[in-house]
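Student: I have a model open and I'd like to learn how to read it piece by piece. Can you walk me through it?

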Amino acid sequence: MRQLAMPGDVTEKPNSVLIIGGGVGGMRAAIDLAEAGIHTYLLETSPSLGGRVAQLGFMFPTHDCVLCRGTSDHGFGCTRPSISPVLMDQNRHPNITVLTSTDLVSFEGEAGDFKVGLRVRPQLVDPQLCINCGRCAEVCPEIRPSGFQLGLSIRKAIDKSAPRSVPNTYYLLEKVERCDECRKCVEVCPTDAIDLGAQPHELEIHVGAVILAMGFQPFDPDEMPELGYGRIPNVITSMQYERLASRSGPTEGIVSRISDGKMPKRIAWLQCVGSRDQLNPYCSSICCMYATKEAMLAKQRIPEVECHIFTMDERAFSKEYNHYYVKARDDLGIRYTRCRISAVDEDPATGEVILRYPTGRMHDEAAPGQGAIQEDHFDLLVLAVGVRPPAKAVEIARVLGIELNEYGFCQTDKFSPLDTSRPGVFVCGAFASPKEIAETILDASGAAAEAMRIMRDNLGKRTFSRSRPFLTVDGAPTERVISAQPPAIAIALCGCAGEISNVVDLQAVADYAAALPKVEKVEILPLACFQAGQERLIELITQGRTNRLVIGACSHRTHEPLFQRLMTEAGLNPYLVEMVNLREHCAWVHPNDPTGATHKACELIRMGVERVRHSQPIYKQERQPVRAALVIGGGLSGMTTALAIADAGYDVHLVEKSEELGGNLRHIYYAAEGDNPQRLLRDLVNRILGHERITLYLRSQVTRHTGSVGDFRATIRSELADGTHREHEIRHSVVTLATGGLEAGGNQYLLGQDPRVLRQSEMEDILAHQPERAARLRSVVMIQCVEPEGGVKYCSRICCTNTIKNVLRLKMLSPDCQVVILYKNVITYGFREKYYLEARRRGALFVRYTDSDPPKVSLEPRGARQALVVSVNEHIFGKTLVFEPDLLALSMSIQPSPDTAKLAEMLGLPLSPEGFFLEAHLKMRPMEFADDGIFLAGMAHYPKFIEECITNALACAGRSLTFLSRPSIQLGGVVAEVDSERCTGCLTCIRTCPFSIPEMRDDRNGIGDLGGAAWIDPARCHGCGTCTAECPANAIQLLHYRDEQIQVGLGHWQVPLQQLSVD
Amino acid sequence: MTPSNDFIPEITIFTCIYCGYMAADTAGSLRLEYPSNIKIVRLPCTGKTDIQYLLNAFEEGADGVYIVACSLGNCHHEHGNERGLARMKRTREILERIGLEPERLDMFFVSGGMGATFAKVAHEMNERIQQLGPNPLKQAPPAPSPPQPPPAPS
């Protein structure tokens, strides 16, 4: 067994964390830990990173292309993407070691000190040598279904999993016997990267903590043959639909019928395939929304397509989801019918799929009776398959010694939602319970925070720097000062083992380029990115007076960091190199036009030379972050964030408006799962009060907040016991907003007018504190979704489970009590479905009402007393049901706390239509804002359960620690700069900036020395350049993209074609 | 002689470094052929497309110019591509006013995975410009000597 060489200091206690699973959750956790200075092994069993998310086309409800936001590859160049380019081959974070095609074999030890045995399966292509030319796949005779495209297209046995996989390399799917005879790939490989004899090898690593991010397995509809999958060609799974609708899919996003490739005119979705049934009694949480998304995508792409979704409930339970669902239903005309279809037939003549379903079950329809059965034909039927535990869950659980729950997912606890049953092993994402991307990302950062707590002595230890455009450990040679020197350019032309040189006449390009102004030397290299090529490049740029470099090779997207690093090693600023793409943009796309390709190569090189002539060194600012954090809000979330940061060894200022810690948690007495929230509250409060690193400000509010990440300043105003006020000035690096939410009040359904009408929280109070009163109750009605008049309609997410929790407690105290729940949709997502089933088993009646026909509540005299009368139209029997309950409990919507808007204005943050803080991205950046260093936790984001608040709060702590633990933060780089002397103060940049960053500063003078000029904070600028293109005075320039760098030979091709075509 | 016979247009395209450039890379990875007479100028975002750049390209003799951006609604900088689109439209108005066909300028929205669309657009624009003929602003081709450097930055 060989020990994997671990860079950096080797101490007795391990300073690494192992993450199992390279999907979106695993990648996010790895990045967080790496940023916090902890080394991370990212283990993935398949040959490339990305997981399920990489296979999705678009995300609900934003319709962002997942390609860009969701995978490491596509985060390229983003200044602050969710999964940043730090996992790309040439730009790997120095603290991340990626282990693909690797399996877990053994595991022993305890939290802080684990020994892990791994087995690495050979991919038979050496990623270090593979240049992605694809010649092996071209000659390979073995055809396989493409796993990435879910069998909708084919691949070769030796191929890449996707055009842009990470790691970016070819691999052999499986070696068959014929391979040894064939050996065509071995012969054709120009870099001898293929070794068909490679054997698996074993590794032992030493880690302090483990994070499980193993994701999920889509339900296999073969288990339900009645739905026709595999038997009827036009029945597909939702994952296959995702590939069809994806722009990186086999059809570039054109949805077509499998049987004949025709554009479908009618598409149906069947919900809950593999969820909410006898086999899988839980809700998969994501299918309602993704089916709506898929239908909306069809509507956008295919004119006049009809989309019909067959569903049980419409569970649109998160921020902006209800709005999205209503838009799909009302604006786009997507039809939702409530029923469960149990048989699917095919019309053999047309290939159409035949469904039978009851009429009168659409939204807001209340047709009496069972409804006539209608038969309908569809071109395509999509099975919205549910979420099953990951394929290797049982095996990995056995090796790790962790428990699985009754459904085969990882067992967790409500109050420690990221802990497995084994200390030091944490879980995130869908392996803990079915969940969507945003929650997976929160889980991942939260699990990283838990690992940081164990590894706190290592926080910030493995330093790295972002002072350059790529990530680096410090120690580069001193940079040469070149400002006084005239440009002297070296050009390197890479032949890419024939990939470029077989098409482009590199000698002709070299001859042409040598005559260009300021060019000192031109050299053709066989392979610039290989060791010999790199060494030669360093010689080229260190010899003589050369101070700039142009490389004609492949894409800057994959290889620029490598060449920028070489520049740094040669003592030059990394912004003085220019990459010209002669491979993807030239040789590969013009193989049959060598003259044209050579001509184009000359022109591109000429433009590169012109551009690099005007390139200037760029330096980032260094900032030592203040080692303190501010947390606003002393409820469950605020306390959890504060404790996690303080436990890691950093100071926390915790500000609470009221005179007591605890927030809403103070009024929660029991949970559906049976845990005791009051115990959690006492524990948290005691730990806060006793923590030496936490300064608590009660009866206090933040009245001023300025600055940017690493250097924020705030004023905290506290009310003293005698009614006077005291102000504290603090400095901090990061701030977490945990201001929470409130159960709404109102006067609906006689609330506040009759003592028998209460809010659900008051019902809980009775059940907890007056059990004898509860035991006497004979009839209770509960109404769900009670919203304040005129507000935005949204699902408050937690009320259904909360109501059901009270129903179960009531049924326990008074088993004969008639309990009726009037609802629109029952939102018991995930494993909470269990309590819904249990409530029904105990005899609670669930009666659905519609928006247009809500229940009526009135008082009617019954002799001396007034009876409380609730009536509702039951739509299956078509009868009006009338109840006279002892109590009527209302589930009021959860609103943001009243100061949210004020705080948002002070910090310059946006609000969602519902009035909650609006994060930077609903899916990929669920707790961040456009500005670094400001985080969002708990119900200030959206209504959440206790376990969700804890996860979110830990995620904020984890992300905060990535800034707090860093020796230095680098700011700026490729950002926009205002030349004050040209600024007319027209405010155009302020109106144009997508991120509201430019501001007018009265300490700057504009044109004519008039007071006031625009200023762009380099710590905040994203570098898109939109303002520079709009500024009427041309007063703003984007560094590295200055006008003179772009306006070089935009028009006429200056290389004469005839000169090259002689040959 | 009709212009489409041996007239090879000179086309400049502007892409963002996200989807636009990536789509070109994908076309390369998939070996999708398109005419070699287009050259890519890369910008951080198509919101950086200055009207001046587009006009300069025509003034300097480009027969056709187009912009390849992220899909609408999917810009990495929220709505940079919408800004770029607005400027493209404004530039078309200017072209029309000075007597150049506005169809010489266009904008396309692709995702990074859409290599085939990138190649298709390249074919389409090439054919369109062939139909329109050479840019009348183009001067006679210069003598085969290295180009004159533009003025040094101030």
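Student: Let's start with a helix. Which residues of α2(B) are buried?

Tutor: Keep in mind that this is a predicted model. A residue is called buried here if 20 or more other C-beta atoms lie within 10 Å of its own. For α2(B), the buried residues are C19(B), G20(B), Y21(B), M22(B), A23(B), A24(B), D25(B), T26(B), A27(B), G28(B) and S29(B). That is eleven of the eleven residues of the helix, which spans residues 19–29 of chain B, and it leaves α2(B) mostly covered. Have a look just after the helix too: R31(B) takes a positive phi of about 55° there.

Student: How far can I trust the coordinates? What pLDDT does chain A average?

Tutor: Chain A averages 91, and 95% of the residues score at least 70. Watch residues 70–82 of chain A, though: pLDDT stays under 50 over them, and the model has 45 contacts beyond four places in sequence for that stretch.

Student: On to strands. Why is β21(A) described as largely enclosed by the rest of the structure?

Tutor: The general idea first: in a regular strand the side chains alternate between the two faces of the sheet. So you check each face in turn. In β21(A), L380(A), V382(A) and A384(A) are buried on one side, and L381(A), L383(A) and V385(A) are buried on the other. Six of the six residues in 380–385 are buried, so the strand is largely enclosed by the rest of the structure.

Student: How do I read a whole sheet? What is the strand order in the open sheet of five strands?

Tutor: Read across the sheet, strand by strand. The order is β37-β44-β38-β39-β40 in chain A, with parallel pairing. The edges are β37 (757–759) and β40 (845–848), each of which pairs on one side only. From one strand to the next, the twist averages 25°. Inside the sheet, β38(A) and β39(A) run parallel and are joined by five bridges, and V780(A) has V819(A) of β39(A) as its bridge partner. Then there's α18(A), residues 760–769, which lies across β37 and β44 and runs at about 95° to β37(A).

Student: What about helix against helix? At what angle do α16(A) and α23(A) pack?

Tutor: About 35°, with their axes 8 Å apart, and the crossing is right-handed. The contact includes T640(A) and A644(A) of α16(A), with A953(A) and A957(A) among the residues of α23(A). Its residues divide into eleven nonpolar, five polar and no charged.

Student: Last one, the interface. How many residues of chain A are in contact with chain B?

Tutor: The size of an interface is often given as the accessible area lost when the parts come together. Here we count residues: 59 of chain A are in contact with 63 of chain B. On the chain A side, α2, α14, α15, α25 and α26 each supply at least two residues, and α15(A) gives the largest share, seven residues. That side of chain A divides into 25 nonpolar, 23 polar and eleven charged.

Notes
Residues are numbered from 1 along each chain as its sequence is written. Chains are lettered from A and ligands numbered from 1 in the order in which they are written. This is a predicted model: local features need pLDDT of at least 70, side-chain atom pairs count only at pLDDT 80 or more; totals for chains, interfaces and linings use all residues. A residue is buried if 20 or more other C-beta atoms lie within 10 Å of its own, exposed if 12 or fewer, and partly exposed in between; C-beta atoms are placed from the backbone. Helices (H or I, at least four residues) and strands (E, at least two) are DSSP runs, numbered from the N terminus. Axes are lines fitted to C-alpha atoms, for helices over the stretch in contact, and angles run from 0 to 180 degrees between N-to-C directions. A crossing is left-handed if the near helix is turned anticlockwise from the far one by less than a right angle, and right-handed if clockwise. Two residues are in contact if their C-beta atoms, placed from the backbone, lie within 7 Å. Ala, Val, Leu, Ile, Met, Phe, Trp, Tyr, Cys and Pro count as nonpolar, Asp, Glu, Lys and Arg as charged, and the others, Gly among them, as polar. pLDDT is the predictor's confidence in each residue, from 0 to 100. Two strands pair if DSSP finds at least two bridges between them.
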